[in-house]
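The sequence and structure are shown first.

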Amino acid sequence: MAAERRRLGLTQEELAGILDVAHSAVQKWEQGRNSIKTPVLHAMREARIDVDFVVYGKDREALEPLDAALWERVKAWDATNPNDVDGKPLNEYARYQRITLFYRWLRDGPRNEAEVEERLSQLSGQKAA
């Protein structure tokens, strides 16, 4: 929820106003302390909020159409680099975001296999971000 709110450039207060709910409701959703009720999901869709991302945690734009081989290569890179730049382990959510961003960077940038290989070698040559 927080990632989608930030993508839209909204504060918690602004999102609460759009959805006509209390600010504390948005806080609890983002903290995972409350679930989002169906009428609110409908209001989110009307406000052009990506409900699929909010509910399922998947960024459709980054993953469709999925190049499974490339996705697995990026996941393999991530498995060998599970920490942040300070050497601290990343949580599962942060790693998923990183995998998704690197996948998109590789999928949308290179025009051929040689360029994909070059970008993968660039990732291998640097610390995980």
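How many helices and strands does the secondary structure of the protein come to?

## Overall architecture

The secondary structure comprises nine helices and zero strands, where helices (H or I, at least four residues) and strands (E, at least two) are DSSP runs numbered from the N terminus. Along the sequence the pattern reads α-α-α-α-α-α-α-α-α. The model is predicted: local features need pLDDT of at least 70, side-chain atom pairs count only at pLDDT 80 or more, and totals for chains, interfaces and linings use all residues. Residues are numbered from 1 along each chain as its sequence is written, and side-chain values use heavy atoms, with hydrogens and water left out.

Of the 129 residues, 30% count as buried; buried means under 20% relative accessible area, exposed over 50%, and partly exposed in between (1.4 Å probe, protein chains only). The accessible surface amounts to about 8,300 Å², and carbon and sulfur atoms account for 50% of it; these areas come from the Shrake-Rupley method with a 1.4 Å probe, and for residues only the protein chains shown count as cover. Among contacts (heavy atoms within 4.5 Å) between residues at least 6 apart in sequence, 54% join residues at least 24 apart.

## Packing of α2 and α3

Two packed helices are described by the angle between their axes and the distance between the axes. The axes of α2 and α3 cross at roughly 110 degrees and come within 8 Å; axes are lines fitted to C-alpha atoms, for helices over the stretch in contact, and angles run from 0 to 180 degrees between N-to-C directions. The two helices are therefore roughly perpendicular to each other, given that angles under 35 degrees count as roughly parallel, over 145 as roughly antiparallel, 65 to 115 as roughly perpendicular and the rest as oblique.

The crossing of α2 and α3 is right-handed; a crossing is left-handed if the near helix is turned anticlockwise from the far one by less than a right angle, and right-handed if clockwise. From α2, residues Q12, E13, L15, A16 and L19 meet H23, V26, Q27, W29 and E30 of α3. This contact divides into five nonpolar, three polar and two charged residues. Here Ala, Val, Leu, Ile, Met, Phe, Trp, Tyr, Cys and Pro count as nonpolar, Asp, Glu, Lys and Arg as charged, and the others, Gly among them, as polar.

## Packing of α7 and α8

Helix α7 (residues 68–80) packs against helix α8 (residues 92–108) at an angle of about 130 degrees, their axes lying 9 Å apart. This angle makes α7 oblique to α8. The crossing of the pair is right-handed.

Within α8, I99 counts as buried because its relative accessibility is 9%. Not counting residues up to four places away in sequence, I99 touches W71, V74, K75 and D78.

## Loop residues with positive phi

D20 is placed in the loop between α2 (12–19) and α3 (23–31). Its phi is near 60 degrees, a positive value in a residue other than glycine. At 72% relative accessibility, D20 counts as exposed.

R48 belongs to the loop between α4 (38–46) and α5. Phi of R48 is near 65 degrees, again positive in a residue other than glycine, and R48 counts as exposed at 73% relative accessibility.
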